[in-house]
Protein chains: 2
Amino acid sequence: MPLVVHKYGGTSVGDAERIRNVARRIIAAKDAGDDVVVVVSAMGDTTDDLIKLAYQVTDTPSARELDVLLSTGELVASTLLAMALKGMGHEAISLSGAQAGIRTDSNHSKARIMAIDPARVKSELGAGRIVIVAGFQGIAQDSDVTTLGRGGSDTTAVALAVSLGARACERYTDVEGIYTADPRQVPEACKLKEISYDEMLELATYGSKVMHPRAVELGQIYGMPILVASSFNDNRGTLIHGGHMEIRNKVTAITADTDVAKITIVGVPDRPGIAAGIFGSLAKAGVSVDTIVQNASIQGITDLSFTVSKGDAGKALGVVEPLAQEIGARECVADTSLSKVSIIGTGMQNTPGYAATMFDTLFAGGINIQLITTSEIRITVIIAGEQAAEAVKALHKAFELEKE
Amino acid sequence: MPLVVHKYGGTSVGDAERIRNVARRIIAAKDAGDDVVVVVSAMGDTTDDLIKLAYQVTDTPSARELDVLLSTGELVASTLLAMALKGMGHEAISLSGAQAGIRTDSNHSKARIMAIDPARVKSELGAGRIVIVAGFQGIAQDSDVTTLGRGGSDTTAVALAVSLGARACERYTDVEGIYTADPRQVPEACKLKEISYDEMLELATYGSKVMHPRAVELGQIYGMPILVASSFNDNRGTLIHGGHMEIRNKVTAITADTDVAKITIVGVPDRPGIAAGIFGSLAKAGVSVDTIVQNASIQGITDLSFTVSKGDAGKALGVVEPLAQEIGARECVADTSLSKVSIIGTGMQNTPGYAATMFDTLFAGGINIQLITTSEIRITVIIAGEQAAEAVKALHKAFELEKE
């Protein structure tokens with residue numbers, strides 16, 4: 001029988017009535033002729049509440065204990081969903097990450113899936129059962145529970161879909177799909193029928209919160225189609241897949257990320273090894289650096305800028321200020337009120353004109369560009385934070401995305 | 001190193017501050033020179049809340065799923081306690097029932113412990129860690145989670161203590177120990193320094209809610225001393241043990257149980273097989289029958305009375321009424337406003353006079369006795385429900401328990 005993996009987010013299983021609603025959707029999929037494996041997140045704010053509880057007990061909760069604690073949220077949701085299905089007369093069973101064979105490394109709070117042993121899931125499917133798997137969790141070699149960190153439940157779902165040879169992974173939340181821009185910012189934004197893995201990865205990495213890049217990447221590596229749709233209606237969602245994107249020749253979506261701080265080291269002597277020293281120290285301090293721009297050197301002196309998340313700005317300054325002094329730079333400047341706006345589209349590859357249209361549009365809107373970075377299918381500008389919404393709107397219009 | 005098993009009830013770990021309090025108690029025990037294994041119940045009302053949630057989702061929650069759901073309550077408490085201990089600078093680790101090697105049968109919601117594999121607990125103790133075990137749960141042969149039903153966490157604690165060769169099992173709750181009577185009913189009631197397993201079993205079975213008989217029985221079989229004390233102060237508790245009780249010659253405690261209904265089948269023909277038929281049918285219907293009394297037969301006709309919990313009275317009547325008609329009995333009468341009052345004491349064995357004192361005291365107090373049952377170390381009377389408190393007070397005085 002063909003198999004489909006569903007994944008339901010925390011909002012979709014937020015209370016008893018919503019859990020019954022999800023059960024009805026799963027039954028419909030089963031009745032339509034698929035075997036169904038379901039991955040669930042914890043109900044509503046459960047995970048946040050458990051984290052709060054841990055910090056009430058101690059300022060330094062052990063990562064190993066925190067993982068077991070947080071894993072209970074998904075266990076609760078998965079058992080309730082299995083009960084709902086059985087109460088509606090369908091054979092169903094919940095499995096913990098360990099029981100579902102999700103084997104991970106031992107990096108508590110951010111474990112990576114090493115392998116999936118699908119034996120138990122397959123035998124339950126073979127017995128005619130709908131299988132509900134607690135997302136976000138696995139088991140390490142020492143048989144301790146681990147959690148997968150950000151994007152964890154989506155990753156569980158895609159990995160299970162791959163390992164079981166599912167025809168697709170369908171991810172249901174309170175969002176109807178992937179849009180040409182954030183509909184809260186751009187009312188004219190259109191829902192995309194499909195998007196390529198590459199585009200979705202850029203989108204996820206450059207500000208769209210709809211899906212964590214990790215699960216998309218996994219889908220791309222194994223060619224698993226991922227449907228993003230709402231659990232609250234039957235509207236058609238967005239299919240993330242890899243096929244036949246080359247003939248398109250346009251921008252697919254605009255995205256904005258307002259969690260951007262820029263640090264500039266002014267007057268850096270242009271000597272080999274200096275950048276390596278700075279970014280090596282930042283990495284050691286656990287600061288994740290995003291964009292790096294080094295201006296052309298004038299008389300052996302240059303400016304070095306990089307961006308980090310706002311939360312990391314203080315830590316980053318603490319690392320680079322002594323280094324700047326040491327190497328004889330003039331000063332360090334931090335700007336924590338920036339945003340990153342990107343245009344993304346596979347159709348942009350090897351096609352000129354997109355950058356020009358982007359820059360012209362922003363210029364016409366009086367929006368000053370501070371930094372530019374690009375990939376093959378993305379152009380990103382860093383601008384003042386308060387101009388992000390305005391920039392997204394103007395670009396959405398300029399690239400005629402409302403006609404999608 | 002000598003080993004002690006502590007067990008903390010739901011009230012003792014009801015919030016973050018109480019969990020830290022428990023952590024301090026455990027550290028004190030460790031500092032005093034013991035290895036410590038701790039069994040915890042779920043925090044406060046967690047278990048009831050989870051059951052409510054299940055019944056919001058479906059009227060007929062699957063027992064298998066309910067067990068996984070409920071087991072999360074103890075996981076949460078055990079991880080938080082381990083975090084608190086680590087936060088205070090002590091090596092600690094939480095283990096699920098499965099990880100602690102608690103192997104049970106597959107009777108979901110009322111599983112029995114079949115065996116304990118203490119390998120993991122021992123290796124963690126060997127590494128110098130305080131081991132926190134989630135109570136009330138185990139793992140069945142098919143590696144599914146089970147729960148142990150009523151008295152489950154106490155049973156986990158005593159069973160672990162036995163399997164690890166602990167010197168004692170210490171059970172901490174919001175109750176200071178075992179009293180000669182319920183202190184809410186009899187202000188003069190005294191806390192006992194010690195009580196025998198036999199007495200404690202009778203006490204637990206005949207109305208004292210302090211401890212479920214199941215764990216006491218396990219303690220008795222393996223000779224494991226059980227200390228019952230409060231987690232909120234350092235007052236001396238009550239030690240349940242087996243030693244040297246024969247020389248005592250007195251009543252140890254008075255207990256009352258107000259959850260008693262009596263059903264009488266009036267005018268039963270005194271023929272062989274009739275009682276067997278009635279109680280066989282009740283057992284099949286899942287009605288647990290407590291006391292049974294059959295009056296002497298007069299002219300081949302007798303009255304048959306038995307008691308059940310109030311909640312089972314309706315079901316019991318539904319079973320016996322058609323049977324009574326079938327066998328030609330006159331009628332069935334139910335009285336749901338009764339209580340059971342017992343005097344308990346190893347010292348009563350083979351010593352006359354206790355029954356007489358009990359009946360005289362009740363007669364003097366104008367309390368009518370409806371049924372009487374006895375064991376070697378217990379005399380129980382069934383009286384009107386509203387006279388229970390009065391009866392306990394009068395008996396407490398008559399047997400001079402306030403001088404304990």
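Contact here means heavy atoms within 4.5 Å. I keep that cut-off in mind for the interface of this predicted model.

**Entry 1: the two copies**

I compared the interface residues of the two chains. Of those in chain A, 100% are also interface residues in chain B, so the copies meet through the same surface.

**Entry 2: helix α3 of chain B**

I checked the length of helix α3 of chain B, residues 63-87. At 1.5 Å a residue, its 25 residues should span 36 Å, and the end C-alpha atoms are 37 Å apart, which agrees. Is this helix enclosed or open? I find 22 of the 25 residues of α3(B) buried, so the rest of the structure largely encloses it. After α3(B) comes B:G89, with a positive phi near 90°.

**Entry 3: A:T252**

I located A:T252 in the loop between β12 (238-241) and β13 (253-269) of chain A. Its relative accessibility is 1%, and buried means under 20%, so A:T252 counts as buried. Which side chain does A:T252 meet in a polar contact? I find A:E199, at 2.4 Å. Beyond four places in sequence, the contacts of A:T252 include A:T180, A:L192, A:I195 and A:L401. A:I344, A:G345 and A:T346 are also among them.

**Entry 4: A:E202**

I looked next at A:E202, which lies in helix α6 (residues 197-205) of chain A. A:E202 is buried, its relative accessible area being 14%. Its side chain makes a polar contact of 2.5 Å with that of A:R378. Not counting residues up to four places away in sequence, A:E202 touches A:I344, A:S375, A:I377 and A:R378. I note that A:I344 is listed for A:E202 and also for A:T252.

In soluble globular proteins, nonpolar side chains tend to be buried together. I searched for such groups here. The largest nonpolar core has 38 residues, and B:V37 and B:I240 touch the most other members. Helix α5 of chain B (residues 152-164) gives the most to this core, with six residues. A second, separate core has 37 residues, including A:V5, A:V121, A:V158 and A:A215.

**Entry 5: aromatic pairs**

How many aromatic pairs does the whole structure hold? My search over all chains gives six. In the pair of A:F279 and A:F306, the ring centres are 5.4 Å apart and the planes stand at 80°; over 60 counts as edge-to-face, so this pair is edge-to-face. The pair links distant parts of the chain, with A:F279 in helix α8 (residues 274-284) and A:F306 in strand β15 (residues 301-308), 27 residues apart. Both A:F279 and A:F306 are buried.

I then turned to chain B. B:F279 and B:F306 also form an edge-to-face pair, 5.4 Å centre to centre with 80° between the planes. B:F279 is in helix α8 of chain B and B:F306 in strand β15 of chain B, 27 residues apart. B:F279 counts as buried at 17% relative accessibility, and B:F306 counts as buried at 0%.

Notes
Residues are numbered from 1 along each chain as its sequence is written. Chains are lettered from A and ligands numbered from 1 in the order in which they are written. This is a predicted model: local features need pLDDT of at least 70, side-chain atom pairs count only at pLDDT 80 or more; totals for chains, interfaces and linings use all residues. Side-chain values use heavy atoms; hydrogens and water are left out. Helices (H or I, at least four residues) and strands (E, at least two) are DSSP runs, numbered from the N terminus. The expected span of a helix is 1.5 Å times one less than its number of residues. Buried means under 20% relative accessible area, exposed over 50%, partly exposed in between (1.4 Å probe, protein chains only). A polar contact is a pair of N or O atoms within 3.5 Å; within protein, one must be able to donate a hydrogen and the other to accept it, and residues adjacent in sequence count only if both atoms are side-chain atoms. A nonpolar core is a set of buried Ala, Val, Leu, Ile, Met, Phe, Trp, Tyr and Cys residues joined through side-chain atoms within 4.5 Å. Rings of Phe, Tyr and Trp (its six-membered ring) pair if their centres lie within 6.5 Å; planes under 30 degrees apart count as stacked, over 60 as edge-to-face and the rest as tilted.
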